[in-house]
Amino acid sequence: MGSTIFSTGGGLVELSVNGNGEVVDLVIDDELLSDKSSLQILLIGAINDANKMVQQNQQQSAMGMLG
């Protein structure tokens, strides 16, 4: 199973998540290292997007089992 990349801030933060919802890679642009509040906001956004994807995949799997 491959990983899905979530990118925020125009690519300043990239979060790779596998099919189990585990973070397998994180890339942070050096530009953000001096801006803690922006970094925090972008990380939260990427993590929330990844969590939504995992939940949707779980729902689709459950519906497939029922249908």
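Why does Glu31 count as exposed? Glu31 counts as exposed because its relative accessibility is 57%, where exposed means over 50% relative accessible area, buried under 20% and partly exposed in between (1.4 Å probe, protein chains only). Glu31 is placed in the loop between β3 and α1. Helices (H or I, at least four residues) and strands (E, at least two) are DSSP runs, numbered from the N terminus.

The model is predicted, so that local features need pLDDT of at least 70 and side-chain atom pairs count only at pLDDT 80 or more, while totals for chains, interfaces and linings use all residues. Residues are numbered from 1 along each chain as its sequence is written, and side-chain values use heavy atoms, with hydrogens and water left out. The average pLDDT (the predictor's confidence in each residue, from 0 to 100) of the chain is 88, and 97% of the residues score at least 70. Among the elements of the chain, the highest mean pLDDT, 94, belongs to strand β3 (residues 23–28), and the lowest, 87, to helix α1 (residues 36–66).

On the surface, a patch of negative charge is formed by Asp29, Asp30, Glu31 and Asp35. Patches are made of residues with over 30% relative accessible area and no salt bridge, like charges being joined within 9 Å. A salt bridge is a side-chain nitrogen of Lys or Arg within 4 Å of a carboxyl oxygen of Asp or Glu. Asp and Glu count as negative, and the place of a charge is taken as CG of Asp or CD of Glu.

The loop between β3 and α1 also holds Leu32. Leu32 is buried because its relative accessible area is 4%. From Leu32 to Asn18, 14 residues apart in sequence, the C-alpha to C-alpha distance is 25 Å.

Two residues of helix α1 were examined against Ser7. Lys36 is found in helix α1 and counts as exposed, at 61% relative accessibility. The C-alpha atoms of Lys36 and Ser7 are separated by 18 Å, with the two residues 29 apart along the chain. Ile47 also lies in helix α1, but counts as partly exposed because its relative accessibility is 40%. Ile47 and Ser7 are 40 residues apart along the chain, and their C-alpha atoms are separated by 10.0 Å.

In the loop between β1 (4–8) and β2 (13–17) stands Gly10. Gly10 is exposed, with 86% relative accessible area. A separation of 31 Å lies between the C-alpha atoms of Gly10 and Ser61, which are 51 residues apart along the chain.

Conventions:
Patch = residues over 30% accessible without salt bridge, like charges linked within 9 Å, V, L, I, M, F, W, Y side chains within 5 Å. Areas by Shrake-Rupley, 256 points an atom, 1.4 Å probe, with all protein chains shown as cover.
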